[in-house]
Amino acid sequence: MSVSKPHPHDSAPLHVTGAARYIDDIPLPANTLHLAFGLAEIAHGRISALDLGAVRSAPGVVMVLEAKDLPGDCDCSPSNHDEPLLSGAHVQYLGQPVFLVVATSHLAARKAARLAKVDYQPRDAILTIEEALAADSRFEDGPRIWERGEAGEAIDTAPHRLEGRIEMGGQEHFYLEGHAAIALPQDGGDMVVHSSTQHPTEVQHKVAHALHLPMSAVRVETRRMGGGFGGKESQGNALAISCAVVARMTGKPVKMRYDRDDDFMITGKRHDFRIDYTVGYDDDGRILGLEFQHFTRCGWAQDLSLPVADRAMLHADNAYWLPHIRIESHRLRTNTQSATAYRGFGGPQGMLGIERVLDHVAHAVGRDPLQVRTANYYAPASDAAPAVQTTPYGQPVQDFILHDLTAKLAAQCNYAERRKAVAEWNAANPLIKRGLALTPVKFGISFTLTHLNQAGALVHVYQDGSVRVNHGGTEMGQGLFQKVAQVAAARFGLPLEAIQITATDTAKVPNTSATAASSGSDLNGMAVKAACDTIRDRIAGFLADQAQCAIAEVQFADGMVSVAGQSMPFAEAAKRAYEGRVSLSSTGFYKTPHVAWDRIAGQGRPFLYFAYGAACSEVVIDTLTGENRILRTDILHDAGASLNPALDIGQVEGGFVQGAGWLTTEELVWDRAGRLRTHAPSTYKIPACSDRPPVFNVSLWDAPNREDTIYRSKAVGEPPFMHGISVLMALSDAIAACGGLYPALNAPATPERILTTLDQVRHV
Amino acid sequence: MYAFDIERPTTVAEAVAALKDEDAQALSGGQTLIPTLKQRLASPSKLVSLSGIAETKGVSADGGTVTVGGGTTHAAVAAGASAYPALAALAGGIGDPAVRNRGTIGGSVANNDPAACYPAAVLGSGATVVTNAREIAADDYFQGMFTTALDEGEIITAVKFPVPEKAAYIKFEQPASRFALVGVFVAKYADGVRVAVTGASEEGVFRWTEAEAALSGNFSAGALDGLSVSADGMISDLHGTGAYRAHLVAVLTKRAVAAAG
């Protein structure tokens, strides 16, 4: 069987030799035009005069478009129809596209875009959480509130209570491939678009809207992206729409790609959050009542902020049974880039909130944080049915494996001994302090917008026995295509090489969901399985008829088809079926069962299941400067019965490093004018390969999903990101060795922020 | 980038002559100037490339002095200044390999970026900046951020470093750019200790005289206990506050003393 094997990424040789084609590598037709945006220089206000004369007369410029020149608003929003392609007179953030330059080359377009003369009437910009709260600038009519039990009363009657706050920064996606799109005009006004998008169907939808075409007249193709991380879920719309609109106007092919600085300035990032908490707890650190207030900067447009903030609320429990809880979520509108999807989709922010609470409570009761964490865990899955606990939003936690998983990781990484060793080190070393933390992850798998939990596939078997697979998922380096190919190979009993992987194409599979929410393999694997099984059953039925045997006597394995004991190559079976006029093409469809969710009430079963894991990180800090390093990280992660352990471990490693980067070195800085000052790798530091822990042990918790997912595997894209939380907690633990106060360390924990927290802890 | 002409003289004399043109700009390794031109922050009509002048390249050691030609790359200093290990180590830690293979000591010292490494070595060593016209003591040379004693058209042909008994350079890197958030160069000579700080001050590289006095009597990190620099006049930017930089100056100076041994 081709599943469960550690096959390398199908494009790995192409990636490392540079032969893998991205949008920017596609050879262009003659006379292709190139685009660049001119960007707003103020965060909020009106454009009183826009002089584009110098832009129009610049070398190579074909035309320049303002909002009024477009065929409508050309809305780019994935949600609320509040993102006109170009600003018009009303500027809502610094970096907002104001006009569009069409030129004969990429460079000519970019050069010309700088020549505009713009007069602004600035208005007060709302940049911070505090400013947005003061102005009541928000999405939705007020805060979203979900509660269970009587949190206030439980806190008041608890033996102890404490309050705190954690602030956590946003995060630039920093996909290595920047955004890009190409539009190719077709007969009769139809449009073909190549887009570096995680969501080809949405690009199709938005392009069709902009061109006033039915979706059937627009085809979007995506072979691969060089990283997406959520940043290409909605943010590619603007480029694709721009290209399509100009292609329509000129009849010529049109290409657009963002320069890296423009990508930083224009596109949305992870939502930064402030989380305030009040918790009541007992002598053992067991949480009796908890109140959270989430505040997040959503930026100028709604984009995906509501479901992101929802998911933060949905992970406010992480792995813990919280009988009395109230979560209040403020989605604040600010004059900044419109924050968007990013690996975890709000889940990491919500989870960091509760992990901070557990850490703070453990410090207050003077116990090992791991002991306090496990004491608050949900009941084990093996408990009798009536004892099944539910999440704050009412979903039964039926698959809780973290007791065993945590114990196994703690044993594997010698947690108890190392806890002692860290204490001994810290007692002996006044300047260099170590810290250790083991944190769990429980992450809900499914789109919370229930109707997105569907997928389609199209599979062809050719008369020579070769197989071509297509589905709605997109490849962004994560290995989805290989996993799905493994499924197809397994269904036909073929070697993996027999399966042809193809570009995602809205003309082959319609109405797809974004490759997001970790759902790519779960959804598309099942849809491809269904399509393969349809074809396989047709072949089996035909051969059984011919051999006058039962269908069950037709077996597909090892590249052969055996019929009542007679064996033939799969190609021979395909040829016979073709000549017997059997259809060898099929669609497949899957919809996730059991999910139902009322987001206003905050009740239901939004997730089919939970993915689990735990990470233990040891760090060292220099108490004189705040410099720090990760010394060692051990991760045990639940990928169910893994479809591909090599790819899954790759996702776990990459997710952890990206999560640690979010909480340590990656700092976004806006100045008081609302200008993002960190807009290039010279100012914004993502982890490099050399920043991974020198000791880095990642293994998979190999046990089948209790839900009937594709080969009982579990989604693995987002959950490991949150293992990075162990690093922040370990840094906090190291600081705690320096004084009596709780180190309320904010993120990202830069050296200066660590030193500031150290000073607070020391000056008791 | 705006259009410009370029000349490639092969002697210092030719370069000096070429720079007499109004609006001509000397180009050495280009690690600062080329990005500046790309951002259109400068628009010289003519660049005079110094990279073809053989007489300004190379490292030599003689009688307690290491002389580095003004056109010598950081990589060449890292490999060739073994007579002054702290200087070689500083050069080997500048930027990344691409910067080290193009950037030159003359270009760095002439530019006097407040976060550059070389000014700390030059000032911390009490080096002499040699130009086509004269010799300038380091203490007279650095005159504030991006400001030096150089006249228009004057070219750094060499820097002469007296080799100290002990020395070390320690920098705290801004992790994204690897520029010095703060860098401290400490050098112990027979007649006293010099401490030069880069990255921290709005006035550019400076000598921390209180530390020098303390260390001249007792060259040990402990001699610096209780000493601190004021946060007034320190750079505050997106990478760190002035207070943090001032704090780092004291910590890094101790480290440099310890590293010098």
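Student: In this predicted model, what makes A:R356 a buried residue without a salt bridge, and which side chain of opposite charge is nearest?

Tutor: The nearest side chain of opposite charge is that of A:D359, 6.0 Å away, whereas a salt bridge requires a side-chain nitrogen of Lys or Arg within 4 Å of a carboxyl oxygen of Asp or Glu; A:R356 therefore has no salt bridge by this rule, although A:R356 is buried.

Student: Where is A:R356 found, and what does A:R356 touch?

Tutor: A:R356 is found in helix α10 (residues 347-365) of chain A, and, not counting residues up to four places away in sequence, A:R356 touches A:R165, A:I166, A:Y277, A:M729, A:Y742, A:A744, A:L745 and A:N746.

Student: Why is the meeting of B:R255 and A:E627 called a salt bridge?

Tutor: The side chains of B:R255 and A:E627 meet at 2.9 Å, N to O, and the cut-off is 4 Å, so the pair qualifies as a salt bridge. Across the interface of chain A and chain B the rule finds two salt bridges, along with six residue pairs in polar contact.

Student: How do you know what area is buried between chain A and chain B, and which residues of chain A lose the most area?

Tutor: Buried area is what two parts lose on being put together, summed over both, and for chain A and chain B that area is about 1300 Å², with carbon and sulfur atoms giving 58%. In chain A, A:T625, A:K685 and A:E752 lose the most area to chain B, together 33% of what that side buries.

Conventions:
Residues numbered from 1 in each chain as written. Chains lettered and ligands numbered in written order. Predicted model: local features only at pLDDT ≥ 70, side-chain atom pairs only at ≥ 80, totals over all residues. Heavy atoms only, no water. Buried area = accessible area lost by both parts, 1.4 Å probe. Polar contact = N/O pair within 3.5 Å; in protein donor to acceptor, adjacent residues only side chain to side chain. Helix = DSSP H or I, 4+ residues; strand = E, 2+ residues; numbered from the N terminus. Buried < 20%, exposed > 50% of the residue type's maximum accessible area, 1.4 Å probe, protein only. Lys, Arg positive; Asp, Glu negative; His and termini not counted. Contact = heavy atoms within 4.5 Å.
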